[in-house]
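Thanks for coming. I will go through one structure today, from the whole chain down to a few single residues.

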Amino acid sequence: MDLLLILSQEHDKLPLAELRAVLEIEEIETELEIVCPGLVILRNLDEDVFDDYYRIFVRRLGYTHEVHQLIDECDYEDLDNAVKAIDWSEYVDENFAVRVKRFNTEIDTVATERRVGHLILTSTENISVNLSDPKSFIRVVVHHNHVYLCYGKYQLNKKYFEEMKPHKRPFFHPGCMSPKLARCMANLARVKEGDVVLDPFCGTGGILIEAGLIGCKVIGCDIDWKMKKGTATNLEYAGITNYKTHVVDVRELEMYEEVDAVVTDPPYGISTTTCGEGTSGIFSEFLQSIEHSMKKDALLVMASPHTLDIDSLLNDVGFILLERYEIKMHRSLTRIISVIAKIH
Ligand SMILES: C[S@@+](CC[C@H](N)C(=O)[O-])C[C@H]1O[C@@H](n2cnc3c(N)ncnc32)[C@H](O)[C@@H]1O
């Protein structure tokens, strides 16, 4: 069975990197087909666990907008026949909506929605159209001349990342990252349910909330007790109870347990303080102290400013760079996201 994913296009590499990381950690076997930027199909997923996989993507992915079961595909000219051939009673219950999304084509989306909706209505009994709050959602994706007919069984909570924006949480401080990027970083760290994730510069707890929602046990440290307290408040607000927070200077960090992943956004000395230490100094001391707190296969996913030469810092410690992504924040700051492993 196949899934069709509509990815965010706000970054050219991160959405796909995040998806690949989730496939890897959840051990999902599939053929990944990139149709065009923003459109991906996962082919030949195991039928027996298809529903479980579907739910994993919906629950975990930050930079993916939609995930749908691919029912059938055809050329645009054959759309009527393809729609008529499907037993819609398998997918449509009580009422439904058809929505068309197009990539690299000028087809009339409203006319296509009406056409497909009409054909479904005439082929099925006791159902109606409900555009505002449909029980069943049919997504039609048209790319050039090719049509993908999909069923949206599980919906991503599209409002979540909007509602969880940092300024809407009970504790706010400037310099927090977006929940989508925080989720993506947790995914890039290849964490799974039950893993222990540490953020030694936890600030307002943005990264820990996202790791907590994946099902990880989270530990937050910060030099500032107000941040430690604020992180706890924000974690409780997000419904996360499996957490610990500590006031710790990362330069003196000594963890009593090795963690499965470190996901963090150290201070750049721009909107968040480095407490008197130079940016390079704090990163260097952090990298030296954190290695001993990580399990052998643990990954470190870290944000840093483009002005910092991470490669030369890594040369001095027992780490190796696996992946690197650039996010242009504004004219004078590009954020670098690095995925780093321990050298065995
Ligand atoms: C960029 S903020 C973290 C933002 C966080 N990702 C969020 O979403 O809120 C960096 C944090 O590092 C803390 N910090 C600065 N120097 C530190 C040190 N030596 N040890 C531990 N924490 C430190 C600051 O108090 C600040 O809260």
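What percentage of the 344 residues of the protein chain count as buried? The figure is 37%. Buried here means that 20 or more other C-beta atoms lie within 10 Å of the residue's own; 12 or fewer is exposed, anything in between is partly exposed, and C-beta atoms are placed from the backbone.

Two notes before I go on. Residues are numbered from 1 along each chain as its sequence is written. This is a predicted model, in which local features need pLDDT of at least 70 and side-chain atom pairs count only at pLDDT 80 or more, while totals for chains, interfaces and linings use all residues.

Now the overall layout. Along the principal axes, the C-alpha atoms of the protein chain fill a box of roughly 70 × 40 × 35 Å. The chain has 10 helices and 15 strands; these are DSSP runs numbered from the N terminus, helices being H or I with at least four residues and strands being E with at least two. Take contacts in the protein chain between residues at least 6 apart in sequence: 72% of them join residues at least 24 apart. A contact means that the two C-beta atoms, placed from the backbone, lie within 7 Å.

The chain is divided into domain 1 (2-151) and domain 2 (160-342), with bounds from an automatic or database domain assignment. Their C-alpha centres lie 34 Å apart. Where they meet, 12 residues of domain 1 are in contact with 11 residues of domain 2. On the domain 1 side, helix α1 (residues 14-25) supplies the largest share, seven residues. By class, that side has six nonpolar, two polar and four charged residues. For the classes, Ala, Val, Leu, Ile, Met, Phe, Trp, Tyr, Cys and Pro count as nonpolar, Asp, Glu, Lys and Arg as charged, and the others, Gly among them, as polar.

Next, the largest nonpolar core. It has 86 residues, and M185, A186, V197, A211 and V263 touch the most other members. Such a core is a set of buried Ala, Val, Leu, Ile, Met, Phe, Trp, Tyr and Cys residues joined through C-beta atoms within 7 Å. Strand β13 (residues 294-305) gives the most to this core, with seven residues. The core lies between domain 1 (2-151) and domain 2 (160-342), because both give residues to it. As for V263, its contacts beyond four places in sequence include M185, A186, V197 and A211, and also D199 and V301.

There is a ligand as well. It is surrounded by 23 residues, the closest being F201, G203, T204, G206 and V250; a residue is near if its C-beta atom, placed from the backbone, lies within 6 Å. That shell has 11 nonpolar, seven polar and five charged residues.

On to the sheet. Eight strands form an open sheet with mixed pairing, in the order β2-β3-β1-β4-β8-β7-β5-β6. Strands count as paired if DSSP finds at least two bridges between them. The edge strands, β2 and β6 (128-129), each pair on one side only. Strand β4 (residues 64-75) pairs with β1 (residues 2-7) in the antiparallel sense over six bridges, and I6 stands opposite E66. β4 is also antiparallel to β8 (residues 146-151), over six bridges, where Q69 has Y151 as its bridge partner.

β2 and β3 form a hairpin with two residues between them, and G38 in the turn has a positive phi of about 95°.

Is N95 buried, partly exposed or exposed? N95 is partly exposed, because 15 other C-beta atoms lie within 10 Å. Among its contacts beyond four places in sequence are I127, S128 and V129.

Last, two backbone angles. Most residues other than glycine have a negative phi. E27, in the loop between α1 and β2, has a positive phi near 55°. E27 counts as exposed, because it has 7 C-beta neighbours inside 10 Å. N126 is not a glycine either, and has a positive phi of about 55°. N126 lies in the loop between α4 (109-123) and β6, and is exposed, with 9 other C-beta atoms within 10 Å.
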